[in-house]
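Read it alongside the model.

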Amino acid sequence: MMTLFPKMFRSFALCMTMLLCVVPASAADKAPVLVGLDAEFGVQGSTSAQAIELGLRTAIAQINAAGGVLGGRPIELVSKDHQAVPARGIRNIAEFAAMPNLVAVFGGRNSPVVLAQLPTLHELKLPFLAVWSAADPIIDNGMQPNYVFRLSLRDSLAMPKLLQSAKQRGYDKVGLLLINNSWGRSNLAAAEKYMLAVKNQKIVDTVWVNSRDTTLITQYKKLTDAGAKAVLLVVNDEGAALVREVAALPTSQRVPILSHWGITGGEFFKQAGTALQEVDLSVIQTFSFFSADKQVLARFMKTAELTGGIKRIEDIEAPVGVAQAYDMMHILAKAINLARSTERSAIRDALEKVPEHRGLVKLYKPAFTPTRHEALGPAELLMARYSREGVLLPAQK
């Protein structure tokens with residue numbers, strides 16, 4: 001009996017240990033799968049972060065209603081504010097990476113912040129999903145393996161589209177008005193590369209503005225004085241000031257403005273006011289809710305009314321941010337299930353293998369491959385204009 005008791009005790013202890021191990025594992029099996037969002041919530045007047053969050057929450061509500069991922073685990077969103085400050089963005093990435101069960105981070109409008117985060121993302125091997133920022137080096141980062149995926153516009157697609165649109169409208173001399181940061185420089189590089197193969201169109205000059213400048217008219221006049229018949233604009237919220245200033249000029253001094261989409265991520269329409277009706281302005285987009293697949297749109301709107309109180313597509317601010325985040329979240333969920341794991345490198349690999357997804361923006365067949373981390377291409381690009389009610393509508397010209 002004396003020799004038997006220790007054996008029985010050890011067996012009992014082993015069983016208890018196994019049971020204790022099983023309980024936490026079982027609980028972990030149903031623990032939420034975390035997804036991060038790092039965006040400019042604290043930037044006054046910005047609506048881009050809120051748009052991305054709406055798209056994510058709408059997709060997550062649908063995914064969770066259908067049973068979540070990995071056999072019943074719900075997805076939960078964790079949002080952080082980088083306030084358009086690169087150092088904050090880097091800190092946020094480190095904090096996200098330290099969270100158990102966090103599988104990926106979505107990024108917002110600000111390309112300079114994302115570019116600053118790249119070394120940290122690579123070091124920590126954290127999948128990053130860019131759903132607004134457009135600077136080419138975000139994807140063309142030289143890192144192997146590449147943990148960054150983009151479902152958004154790319155500057156080397158945006159600038160040719162803007163230049164082509166100007167040319168189609170008869171403007172063979174254009175000027176570039178660019179924000180003085182890495183996003184502006186990315187656009188300049190894209191424009192210069194495109195122009196190497198173009199005849200009968202010329203960039204007469206390039207001028208620079210700083211973030212949060214309250215007047216841009218001096219730079220605008222420098223371009224028109226150089227002979228620009230249209231101005232290509234690459235700024236964010238600063239664009240509203242330019243519209244007000246151009247509207248105040250004599251009609252003969254106003255030239256069309258073809259804008260990158262940075263202006264659509266804030267209160268541009270409100271800040272530009274009635275001056276917008278006096279200026280010929282169009283803006284590049286990758287998507288319009290007015291031309292979305294009807295079945296996908298109906299499903300989106302049904303859930304968006306519950307998650308964000310959205311009852312009409314006209315009520316959706318910053319539409320590309322909403323749609324692109326919505327599609328990317330669904331693709332990520334498919335990748336998580338394909339990986340059968342919350343292990344980040346497995347999900348990174350799975351993102352390259354999701355075979356198909358019918359989204360708001362397009363049918364992805366596939367969204368990504370091992371050699372292509374860009375989900376969108378030239379076919380998705382369109383020019384849009386603001387209606388008198390502030391709704392972005394596909395442009396007729």
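Lys80 lies over the face of Phe96, 5.6 Å from the ring centre. Here a charge sits over a ring if NZ of Lys or CZ of Arg is within 6 Å of the ring centre and within 35 degrees of the ring normal. This is a predicted model: local features need pLDDT of at least 70, side-chain atom pairs count only at pLDDT 80 or more, and totals for chains, interfaces and linings use all residues. Residues are numbered from 1 along each chain as its sequence is written, and side-chain values use heavy atoms, with hydrogens and water left out.

**Charge over ring**
- Arg348 lies over the face of Tyr147, at 5.7 Å from the ring centre.

**Aromatic pairs**
- Rings of Phe, Tyr and Trp (its six-membered ring) pair if their centres lie within 6.5 Å; planes under 30 degrees apart count as stacked, over 60 as edge-to-face and the rest as tilted.
- The count comes to seven aromatic pairs.
- Trp132 and Trp261 form a tilted pair, 5.7 Å centre to centre with 55 degrees between the planes.
- Trp132 is in the loop between strands S4 (128–130) and S5 (148–150), and Trp261 in the loop between strand S9 (257–259) and helix H9 (268–272), so the pair ties together parts 129 residues apart in sequence. Helices (H or I, at least four residues) and strands (E, at least two) are DSSP runs, numbered from the N terminus.
- Trp132 counts as buried, at 1% relative accessibility. Buried means under 20% relative accessible area, exposed over 50%, partly exposed in between (1.4 Å probe, protein chains only).
- Trp261 also counts as buried, at 1%.
- Phe289 and Phe300 have ring centres 5.5 Å apart and planes at 35 degrees, so this pair is tilted.
- Both Phe289 and Phe300 are buried.
- Ring pairs link Phe287, Phe289, Phe300 and Tyr326 into a cluster.

**Nonpolar cores**
- A nonpolar core is a set of buried Ala, Val, Leu, Ile, Met, Phe, Trp, Tyr and Cys residues joined through side-chain atoms within 4.5 Å.
- The largest has 115 residues; Phe106, Leu177, Phe289, Met329, Leu332 and Leu360 have the most contacts inside it.
- Helix H11 (residues 319–339) gives the largest share of this core, 13 residues.
- Another core lies apart from it, with 19 residues, among them Val78, Ile93, Leu118 and Leu126.
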